[in-house]
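Here is a short briefing for a first look. Please keep the structure open as you read.

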Amino acid sequence: MKDVFFIERDPYAPIRHCYAVNKVLYESKSDYQEILVLESPEFGKLLVLDGVVQLDEKYEFMYHEYLAHVPLHAHPNPEDVLIIGGGDGGTLREVLKHESVKRAVLVDIDKEVIEVSKKFFPTLSSGFDDPRSIVVNEDGYKYIQDYEGEFDVVIVDSTDPVGFAHVLTTEDFFRFVHRALKDDGIFVGQTESIHYHLDMVVKVQKNLQRVFPIVDLYTSVVPIYAGYWWTYSIASKKHPVREPSREVKVQTKIYSADMHRYAFLPESFYKSILEGGFRY
Ligand code: SAM
């Protein structure tokens with residue numbers, strides 16, 4: 001069979017990843033975005049939204065484990081968790097590994113992403129059947145405004161901060177998050193590439209610093225994201241975040257207490273990024 005390639009259409013990054021693919025398993029346009037499911041020999045199935053690869057079956061844990069387990073281990077007893085975005089279910093799967101979690105609310109604006117994930121990504125969407133899971137199809141920016149003192153952890157697992165995802169990086173959104181969190185709540189959001197989006201990373205960090213007393217930045221390597229070195233912005237109302245607050249008992253592929261610690265940038269480098277000392 002001749003080689004067939006899929007070239008990403010990522011308006012938000014200066015590079016284009018190219019994937020050898022065997023076939024197109026699904027193609028549609030929902031009310032919000034183009035949805036594509038491809039099968040590739042190296043990565044397994046790929047979920048593509050508006051031309052940007054969101055996840056693959058093989059390496060997705062490199063992202064979902066870091067996004068979920070750093071805040072959920074920094075918090076001493078996470079019971080009520082809100083995930084905004086995350087319609088593939090990968091973050092939800094990781095959150096539900098915590099026995100302390102009594103309720104995991106997933107708010108994704110596009111119900112079709114959830115339906116597609118249930119059909120094509122069973123290893124990611126297993127959490128949707130958990131009795132603790134509640135799924136809402138709404139704009140997370142609107143949903144969060146109805147809650148006060150409700151959640152222990154809020155996670156933003158959104159598409160790139162353009163279009164309808166942009167609102168999830170603004171100061172007023174973070175003020176709504178702060179209000180929706182309990183007194184010792186923790187927020188985390190995926191905040192793009194430390195290479196290609198450093199200005200956006202700094203902007204989000206400053207927006208968070210105007211709302212939360214504790215703000216920090218950690219990273220992981222995500223093989224399918226532009227630049228590979230991916231950032232997560234975390235903010236806490238009370239608890240420190242650079243160490244797990246309790247023993248790591250959940251089953252993971254890469255996350256551990258040591259990997260939690262090493263995910264955070266050294267204070268000196270973090271400071272130089274925020275103060276403009278470090279620039280490409
Ligand atoms: N970066 C993550 C990844 O690659 O694993 C994103 C995955 S998840 C598919 C991203 C989800 O964010 C999409 O399903 C999209 O519908 C959702 N989303 C974007 N903006 C949103 C908003 N304002 N409210 C709720 N969901 C949103």
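The points below cover the domains, their contact, the ligand and the salt bridges.

This is a predicted model, in which local features need pLDDT of at least 70, side-chain atom pairs count only at pLDDT 80 or more, and totals for chains, interfaces and linings use all residues. Residues are numbered from 1 along each chain as its sequence is written, and side-chain values use heavy atoms, with hydrogens and water left out.

**Domains**

- The chain is divided into domain 1 (5-55) and domain 2 (61-275); such bounds come from an automatic or database domain assignment.
- Their C-alpha centres lie 23 Å apart.
- Each domain supplies residues to the contact: 24 residues from domain 1 and 24 residues from domain 2. Contact means heavy atoms within 4.5 Å.

**Between the domains**

- About 2,200 Å² is buried between domain 1 and domain 2, and carbon and sulfur atoms give 70% of it. Buried area is the accessible area (1.4 Å probe) that two parts lose on being put together, summed over both.
- In domain 1, the most area is lost to domain 2 by Tyr12, Tyr32 and Leu55, together 32% of what that side buries.
- Eight residue pairs are in polar contact between the domains, both residues at pLDDT 80 or more. A polar contact is a pair of N or O atoms within 3.5 Å; within protein, one must be able to donate a hydrogen and the other to accept it, and residues adjacent in sequence count only if both atoms are side-chain atoms.
- The count of salt bridges between domain 1 and domain 2 is zero. A salt bridge is a side-chain nitrogen of Lys or Arg within 4 Å of a carboxyl oxygen of Asp or Glu.

**Ligand**

- Of the 24 residues around the ligand, Gln54, Asp108, Gly140, Phe164 and Tyr225 come nearest; a residue counts as near if one of its heavy atoms lies within 4 Å.
- The side chain of Asp108 has an N or O atom 2.7 Å from an oxygen atom of the ligand.
- Gln33 places a polar side-chain atom 3.0 Å from an oxygen atom of the ligand.
- A polar backbone atom of Ile109 is 3.1 Å from a nitrogen atom of the ligand.

**Salt bridges**

- The structure holds 20 salt bridges.
- One of them joins the side chains of Glu42 and Lys58 (2.8 Å, N to O).
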